[in-house]
Amino acid sequence: MSQSVVEHFLAIADAAPERPLIDFEGRTHARGEVAAAVRRIANGLIARDVSPGDRVALFLGTCAEFPSLWLGVQLARAVGVPINTAYREVELRHLLLHSGARVLFTDRAGLAHVLPLLPGLPALQHIVCVDASGPEAGALPAQVTLSTLA
């Protein structure tokens with residue numbers, strides 16, 4: 001039986017969880033660490049009623065979390081919608097509105113561009129800020145942080 005890319009990755013990661021996978025900004029992330037994050041993200045999406053085929057947008061620059069987020073979206077059987085971080089109001093609104101994204105992964109910089117658009121994005125139910133934690137995370141209006149996703 002054939003496997004999806006994410007299923008294949010998880011099988012490889014589970015076979016050798018200690019092996020390095022990502023080296024980003026001087027920090028090495030092991031296969032097992034990334035696999036655990038993929039599962040946590042997928043479970044968090046499913047817990048928030050993301051169903052197969054639902055759209056999940058990623059408005060992020062280059063970051064260590066991106067591979068885990070992308071694979072977590074796939075494991076939840078949702079459809080990833082990558083959004084160029086150079087996009088601003090017009091393009092960003094267009095992609096979020098017309099994709100029907102129910103969840104958005106972004107960072108604090110992206111959040112500043114997204115929050116003013118929220119009244120015109122009826123499908124968007126959750127924003128997950130990947131670089132918010134601690135006291136500033138509580139300042140996010142009815143949003144979720146990556147550390148509290150699952």
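## Report on the predicted chain

The secondary structure of the chain comes to five helices and seven strands, where helices (H or I, at least four residues) and strands (E, at least two) are DSSP runs numbered from the N terminus. The model is predicted, so local features need pLDDT of at least 70 and side-chain atom pairs count only at pLDDT 80 or more, while totals for chains, interfaces and linings use all residues. Residues are numbered from 1 along each chain as its sequence is written, and side-chain values use heavy atoms, with hydrogens and water left out.

From the N terminus on, the order of elements is α-β-β-α-β-α-β-α-β-α-β-β. Of the 150 residues of the chain, 43% count as buried; buried means under 20% relative accessible area, exposed over 50%, and partly exposed in between (1.4 Å probe, protein chains only). The chain exposes about 7900 Å², of which carbon and sulfur atoms supply 56%; accessible areas come from the Shrake-Rupley method with a 1.4 Å probe, and for residues only the protein chains shown count as cover. Among contacts (heavy atoms within 4.5 Å) with a separation of 6 or more, residues 24 or more positions apart account for 58%.

| Residue | Relative accessibility and class |
|---|---|
| G72 | 0%, buried |
| R102 | 16%, buried |
| D131 | 31%, partly exposed |

G72 lies in helix α3, residues 66–75. Because its relative accessibility is 0%, G72 counts as buried. Not counting residues up to four places away in sequence, G72 touches V38, I41, A42 and L45.

R102 belongs to the loop between α4 (89–99) and β5 (103–106). Leaving aside neighbours within four places in sequence, R102 is in contact with residues including R48, D49, V50, S51, D54 and R55. A123, L124, Q125 and H126 are also among the contacts of R102. With Q125, the link is a side-chain to side-chain polar contact of 2.5 Å. A polar contact is a pair of N or O atoms within 3.5 Å; within protein, one must be able to donate a hydrogen and the other to accept it, and residues adjacent in sequence count only if both atoms are side-chain atoms.

D131 is placed in the loop between β6 (126–129) and β7 (144–145). A polar atom of the D131 side chain lies 2.8 Å from the backbone nitrogen of R108. The C-alpha atoms of D131 and R108 are separated by 6.5 Å, and the two residues are 23 residues apart along the chain.
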